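Open the model in your viewer and keep the selection tool at hand. The tour goes from one selection to the next.

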Amino acid sequence: MPCARLTARQAIAAVSETYTELTTPEGSGAPAAAPFAPDGPLGWRGYDDMRARAHARTGEHESVVTALATMGGAETVVLSFEFRYLGGSLGERTGDRLEAAYRLARERGLPVVSLIATGGSRMQEGMRALTQLQRVAAQSARTRAAGLPQIAVLRDPTTGGGWATLGAAADVILALPGAQVGFAGSRVRPADADPYAYSAEGQLASGHIDAVVPPDRLRATLQHWLQLLCGTGELGGGTVEPAPLPYALGVPGLPETGWGAVARAREPRRPRAEAYLRAYFDDREELSGDRCGGVDPGMRCGFGRRDGRTIAFAAQCGTATRPAGFRTAARLIRLADRLGIPVLTLIDTPGAANDAAAERAGAGAAIADTFGALATARVPVTSLLIGEGGSGGALALAAPDRLWATPDSYFSVIAPELAVAILKRDPAQLHETADQLRIRPQDLLDLGVIRGIAPPA
């Protein structure tokens, strides 16, 4: 049976080794919430009967079940929705349960995993239901500020306020194949709307979720993410150790000329980001998308384990970096900073994408955001230039004062060809110009731009 169709408790059991249901606020000994008037706060005729039928059908008294669960050895607060109870809709009592669970997570320093299946806010409670989104958003924000990770699993459907709070606000967003995901539910969209845009796969393609995970892989994937993100918060306990410098994987020896450095960095068979990530990490998981509608395949971001430590990474793959790539990298750096995880950046780009589409997508603002994320990071960032270092598009990922270079790399204020064009030089002066720019690794070291040249493996 696909996880998207499981009950709330079945969904928890499918991803955890053990779990204990949390005491509901109304049964916890805490001050009781104000009792509903007959048929709820609006006096919606038949609402009490609807809830009674939902209870008889599901055994539940509300649309969410909260629990303490163990996933891969990590204790976790889990929020699991019961779609068969009034479409998993959020009402005032749902908000009570979610708020209590979030508070418990902060009290115990635990991550929050949301298993979402909801149609949105409960119409029979009107604005009293809609304002629960503010409560949920506030609890999520406070949990984020406490440095605790939040992971969302989007089941079918995840729409309305449940998507716009619990889902889209999570640090890592996973979805089940074919799940309906979107702010607008199926009955309120324009008649000619493309259904793909409201699917898990469409949201992944648009940069709004991190991965579509088959049901038989969901448990292992969640456990892996929790192992990577939990128990790492070094900021509160002292200094965070920097990520170790990777070894250089390309040809040894330094280039004799500036143009020689360019030629080596542009060599198609030179080791790229994938080779460095594979050699550096024991295992890893990747984030995807900028949460603003874009994905850049030329930027790899995520978290990996190396010698028992979690290290975040943002790696350029040798292509012109698009605005979505810069925004994804900034998102990664800020998340790692909040969780107290050191960062490794791998720099390899001819420069920022400069086509009209990149300008419309906010190239300047995206680059500025990445500079800002690096400049304000409290955790150490280790940067390695592994190929082309093309102007500001490369510098945006370079940690100030913590940049190294491999022997088959170069860094330049501008590509030598463009420098020749701007300076109106004869094309025959290309090699001379490359030398004048002083872009070789040894030049960068002499100039104080890098701290050193990475040794070979």
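Which kind of contact do the side chains of R269 and E267 make? Select both: they meet in a salt bridge, with N to O at 2.9 Å. Bear in mind that this is a predicted model. R269 is exposed, at a relative accessible area of 75%, whereas E267, at 27%, is partly exposed.

Next, select helix α10, residues 273–280. Here E274 and R278 sit four residues apart, about one turn of the helix, and their side chains form a salt bridge of 3.2 Å, N to O. E274 is partly exposed, with a relative accessible area of 28%; R278 counts as exposed at 52%.

Now go to helix α3, residues 92–108. R93 and D96 form a salt bridge whose closest N and O atoms are 3.7 Å apart. The two are three residues apart in α3, so about one helical turn separates them. Both R93 and D96 are buried.

Last, select helix α11 (residues 323–339) and helix α13 (residues 363–376). Their axes come within 8 Å and cross at roughly 20 degrees, so these helices are also roughly parallel to each other. The crossing is left-handed. The residues of this contact divide into nine nonpolar, three polar and four charged.

Definitions and conventions. Residues numbered from 1 in each chain as written. Predicted model: local features only at pLDDT ≥ 70, side-chain atom pairs only at ≥ 80, totals over all residues. Heavy atoms only, no water. Axes fitted to C-alpha atoms, helices over the stretch in contact; angles between N-to-C directions. Parallel < 35°, antiparallel > 145°, perpendicular 65-115°, else oblique. Left-handed = near helix turned anticlockwise from the far one by under 90°. Nonpolar A, V, L, I, M, F, W, Y, C, P; charged D, E, K, R; others polar. Salt bridge = Lys/Arg side-chain N within 4 Å of Asp/Glu carboxyl O. Buried < 20%, exposed > 50% of the residue type's maximum accessible area, 1.4 Å probe, protein only.
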